[in-house]
Amino acid sequence: MAGPRTPPYYSPTYKPNAANFPSSPYSIRINVYTLAIAITFLCSITYLFGRGSISTSPVSNVAATIPCIPLKITSTAAASNNSKISSSSSSTSSQLDFSTNQGDDEGEGVAPDDSVKVYPACDIKYSEYTPCEDPQRSLKFKRDRLIYRERHCPDKSQLLKCRIPAPYGYKKPFKWPKSRDLAWYANVPHKELTVEKAVQNWIRKEGDKFRFPGGGTMFPNGADAYVDDIDKLFNLKDGSIRTAIDTGCGVASWGAYLLSRDILAMSFAPRDTHEAQVQFALERGVPALIGVLASKRLPYPCRAFDMAHCSRCLIPWDQYDGEYLMEVDRVLRPGGYWILSGPPIRWRKYWKGWERTRDDLNWEQTRIEEVAKKLCWKKFVEKDDIAIWQKPYNHFQCKEQKKKLMCPAQDPDKAWYTELSTCVTPLPEVSSEEEVAGGQLEKWPKRLHAIPPRISRGTVNGVTAESFEKDSQLWQKRVSYYKSVDNKLNQPGRYRNLLDMNAYLGGFAASWVDDPVWVMNVVPVEAEVNTLGVIYERGLVGTYQSWCEAMSTYPRTYDLIHADSIFTMYKDRCEMEDILLEMDRILRPEGSVIIREDVDILVEVKKIADGLKWDTLIVDHEDGPMERGKLLFAVKSYWTAPATQDSNNTSTNPRMF
C-alpha cells in the first residue's frame, strides 16, 4: 500500500512505541515562556485538524474525536498481521486490504487480551446447524400440514455460544457464473441427491466437485430449455417480469437460469426434504431460503412477485380450502402469473408414472381450477407439461367474490408468524377496469430508480418521493466510500451472496446493481416502518426477519454482510453477542462485514468481533471524523473442523480449530 507505514494519526492498527519516537542526541532546556508558545501552537494545529482544514484519511480518529475516553480499538488479529490490514496516510485515498491467507495458523503469536471474551469452536456436528429448522427440535411439533418443518427457534437458554465450523477441506466457492454449474464437494459433502435424483440430472459428483447440469423433475431437457418454453408463452425478456418465487425449488436450477434473463427468483424449500437442497442453491450463488408452505404466511409482503412457480413441488394446492393458492395470490402482483408443471398437469400422459389413479388426478386438477376461479384468476394457457394462470390487474370485476371471500380489514403485508386464512387478500381500490391496483410498475431496469407506487401513493409512512431520491443518492455515496476503504469490494466476483440486515428502501442493494452480486434485503420485524413492499417494487428481493432469532438459512450463506444501526435497533431487545454469533454462523470463511453504528456501540461490537477472531478495523464516517457514527470493517478468519478418518477431499493445508 502507498504511504508511510506509521500513520501520523490514530489508527486501529497503529500502536506507537519507542521505535517510532527516537531520543534526540541533544539535551534541550525549555523555559515556561517557550513552553506556553509551544502549547498554543500545538493547540492551533490540533484545532485545524479537528475542523477538517487538513485532509484526513478515512481511518478512524476515534480517540482524537472523543477525547479522554480510554479506548482500545486495535484488533488482536489485525495487530498481529499488518500485511492483512494496512492504512495509507494519503490525503486523496485510503484503502484497506483484507487479504486471504488460507494456510496461516489462526491467531498464532497473538497475545491474548483479557478484556475480550474468546468464543470457542462448536463441535463438528453443528457444521450445518440451522437453529430455527433443527431436525431434532422439529420432531416435537405436529406433522400435520408439515407444521414440524416451519420455524421453531431455540429459547434463550438453548442458544449456542460457539463458532460454527466449516467442514474440513472447505474452499472458497467458484466465482459467478461458473458457480451456477460447479461447487466443491468439501463445502457441501452430501451425495444423497446424486443418487436419489440421478435420473432427473439435478446434480452429479465429478471427483472433488459437484456439477449441476440444470436438470429437473419436469424439465428433462434442462432448466434453460424449460425457461425458453415459458418465454414462448409470455415474454420474459421485455423487463415486465423481474421478481419471481419458486416454491419447492430443489437445487434452484430454475432460478439460476432466470438470472441470465435479469429475473431474480426467491427460491425456497423445507430443510431435509432432500438433503441440503437449499444449501446447494446458495453455494451456487442463487437466492434461496429455507421455508415451507404449512400454516403460516410466507415472509414476504403482498404484491411482491411478478411470477410464481411450482414444478412438481408437491404442495397440495387443492386442499385446505385452497389456502395455499390464496397465499400465492397474496404475494403475487396484479397481472402476475402462476406456473404449474407436474401433477396433476397433463395427467393423461403421466398418471401411471406418478403412481396415482386417473380419477384422483382429474379431481385434483378440477379443484385447483375451482380455487383459481374464486381468486378471479384466468387460465392463461395450458401447453404440454405447463399450465399458467394470470391474476387480475384489479378486483373491479370481482364484486361477487369480494362479498363472499375477501379478507376482513387486516395488514396484507404482515407476514412474520402470521396464520394463513381461507380468504382473498383484497387489492387496492381502482376507479376503472383498466387501472392497475396499487399502481403500474415500470419495466426493468427503469423500475430500480423510478418512484415506487407505494411511495408515490403515500402509503409508506414518512417516505416521500423526495426522501426516496435522497436515500438513493446517499447510498450511492456510501457504497462508493466502502469501496474506497476496502479494495476487495472493487474486485468483480470477489463477493456474490450479499445480506443487508436493515435494508430500509433497498438503497444499499441498488448501488450494487452493476456488480455480479445479489442482495438479500432484510426488513426487521422491529423496524418502525415496513418498507419491504417498496424494495420489491424496485425489482429487488428480500424477507422479513427478527434478529433476536436465527435466519432461515444454512451456515456459510453470505460473502458480505452489511448491518446499518442493527445494534441500536436491538438494544434492550436481545443480546449483542447472539446477533454477532448469528452473523458469524451465516458468513463464509474469509467473508466480510460492514457495520455502521454510534462509536460507543461500535467499540462494544468490536470486542465481541475480536472474540470471534475476526480481523477488525474501525474507520471514520464518510462525512468525516467529527461524526459520532463510525464504521467497522471486518473479515472472518478462515478455519475448518479438523480432519476425520473419512475425510476424502483434496484440500491442502486447511486451518484447524
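Residues are numbered from 1 along each chain as its sequence is written, and side-chain values use heavy atoms, with hydrogens and water left out.

The term pLDDT stands for the predictor's confidence in each residue, on a scale from 0 to 100. For the protein chain the mean pLDDT is 84, and 78% of the residues reach 70 or more. Over residues 1-37, however, pLDDT stays under 50, and the model has 52 contacts for this stretch beyond four places in sequence, where a contact means heavy atoms within 4.5 Å. Residues 648-657 also have a pLDDT below 50, with 39 contacts in the model beyond near neighbours in sequence. Where pLDDT is low, the predicted coordinates should not be read in detail.

The protein chain contains 19 helices and 17 strands; helices (H or I, at least four residues) and strands (E, at least two) are DSSP runs, numbered from the N terminus. Of its 657 residues, 56% count as buried, a word that here means under 20% relative accessible area, with exposed meaning over 50% and partly exposed lying in between (1.4 Å probe, protein chains only). Among the contacts with a separation of 6 or more, 70% are made by residues 24 or more positions apart.

Helix α18, which spans residues 576-586, has 10 buried residues out of 11, so it is largely enclosed by the rest of the structure. The buried residues of α18 include Glu577, Ile579, Leu581 and Arg585. Valine 635, in strand β17 (residues 629-636), counts as buried because its relative accessibility is 6%. Valine 635 and isoleucine 594 are 41 residues apart in sequence, yet their C-alpha atoms are 9.1 Å apart in space.

Tryptophan 184 belongs to strand β1 (residues 182-184) and is buried, with a relative accessible area of 16%. Leaving aside neighbours within four places in sequence, tryptophan 184 is in contact with Lys171, Lys172, Pro173, Phe174, Asp208, Lys209 and Phe210.

Rolling a probe the size of a water molecule over the atoms shows where empty space is left. On a 1 Å grid over the protein atoms alone, a cavity is a set of points where a 1.4 Å probe fits but cannot get out, and lining residues have an atom within 4 Å of a point. Grid points are joined across faces, edges and corners, and a volume is the space filled by probe spheres set on the points. A search of the whole structure finds six cavities of 30 Å³ or more.

The largest cavity has a volume of about 120 Å³. It is lined by 16 residues, of which Pro173, Phe174, Lys175, Arg496 and Asp559 are the closest to its centre. The second largest cavity holds about 80 Å³ of space. Of the 10 residues lining this second cavity, Lys172, Arg494, Asp559, Pro589 and Glu590 are the closest to its centre. Strand β15 (residues 587-598) supplies the largest share of that lining, four residues.

Notes:
On a 1 Å grid over the protein atoms alone, a cavity is a set of points where a 1.4 Å probe fits but cannot get out, and a pocket is an open set with protein on both sides within 12 Å along at least five of seven lines; lining residues have an atom within 4 Å of a point.
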